[in-house]
Amino acid sequence: CWEAPWFCHGRECPVCTVVQQYEGFEERNYEVSHWITTDVASTSNSDLKDGFWKLYYFNQGQNSENKEIAMTRPVVVSVKEADGMGEQQVSISVFQSDADIPEPNDNTIRKTVIPGSTVYVRSFSGVASDKDTLENVQQLREDLRAAGKEFVENRFDAAGYDAPWDLINRHNEVWVRAP
C-alpha cells in the first residue's frame with residue numbers, strides 16, 4: 001500500500017521508492033507506469049502549452065470512449081538533447097493511474113508505458129523557467145559524476161507537480177535516468 005508524497009497534492013502519482021538520499025539529489029526506483037504523450041517542437045512555453053492542452057482535453061473526454069479521466073501528477077517534459085547531427089527531441093506526458101485507458105482521438109497523442117527504472121532526482125521550488133530547469137539538470141549531472149553514478153548523458157525529464165495558478169509551495173523536479 002503506497003502513499004503518494006506531499007507534492008502530489010492528493011492526486012495519483014507514479015509509484016516509487018526512495019533508495020537513497022544524497023547531498024543535492026535522491027535515487028528513486030519507479031515501478032512500471034502508464035502515460036499519455038505528445039511530441040512538441042521545443043521547450044518554449046507556447047509549444048509546451050499546446051502539448052499540455054492536447055493531453056488535458058484527452059483527459060477531459062476527447063478520447064475513443066468519451067471518458068473523463070482524473071488529472072494526475074506530474075506533468076513531465078522529456079528532452080533528448082541534440083547530438084552532433086540530430087535535433088533536440090521534446091515531448092510532454094501526463095501520468096495515467098489506470099493502465100486501461102481509452103485510445104486517443106488525436107493521432108498526435110500516444111499511450112506510453114515506462115518500464116520500471118532507477119531515476120536520479122533533484123528538486124527545486126518556484127515557478128520553473130527553462131533557465132531554472134537547465135541549471136538544475138547541470139547541477140544534478142555534476143552531483144552524479146561526483147558521486148560516481150552512471151547515467152544517461154543526453155536525456156533529462158522535467159517534472160511539474162503544480163497547477164499554473166498555484167504560486168506558493170510549488171515542487172519541481174529534474175530527472176536523469178540510470179542506464
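Is Cys16 buried or exposed? Cys16 has 12% relative accessibility, so it counts as buried. Buried means under 20% relative accessible area, exposed over 50%, and partly exposed in between, with a 1.4 Å probe and protein chains only.

## Basis of the model

This is a predicted model: local features need pLDDT of at least 70, side-chain atom pairs count only at pLDDT 80 or more, and totals for chains, interfaces and linings use all residues. Residues are numbered from 1 along each chain as its sequence is written, and side-chain values use heavy atoms, with hydrogens and water left out.

## Cysteines

The count comes to one disulfide, defined as a pair of cysteine sulfur atoms within 2.5 Å. Cys8 and Cys13 form it, with their sulfur atoms 1.8 Å apart. Both Cys8 and Cys13 are buried. The torsion about their S-S bond is about -125 degrees, so the disulfide is left-handed.

Nine strands form an open sheet with antiparallel pairing. Their order is S1-S2-S7-S9-S8-S4-S5-S3-S6. Strands (E, at least two residues) and helices (H or I, at least four) are DSSP runs, numbered from the N terminus. Two strands pair if DSSP finds at least two bridges between them. At the edges, strand S1 (16-22) and strand S6 (109-114) each pair on one side only. Neighbouring strands are turned by 30 degrees against each other on average, direction ignored.

S4 pairs with strand S8 (residues 155-160) over six bridges, in the antiparallel sense. Val77 stands opposite Ala158 in S8.

## Helix packing and cores

H2 lies across strand S2 (25-30), S7, S8 and S9. H2 runs at about 125 degrees to S7. Axes are lines fitted to C-alpha atoms, for helices over the stretch in contact (heavy atoms within 4.5 Å). Angles run from 0 to 180 degrees between N-to-C directions.

The largest nonpolar core has 25 residues. Such a core is a set of buried Ala, Val, Leu, Ile, Met, Phe, Trp, Tyr and Cys residues joined through side-chain atoms within 4.5 Å. Ile36, Leu140 and Leu144 have the most contacts inside the largest core. Elements supplying at least two of its residues include helix H1 (45-59), helix H2 (130-146) and strand S3 (33-40). Apart from this core lies another, of 13 residues, among them Tyr30, Trp35, Val121 and Tyr161.

Leu144 touches Phe25, Tyr120, Lys149, Phe151 and Val176, not counting residues up to four places away in sequence.
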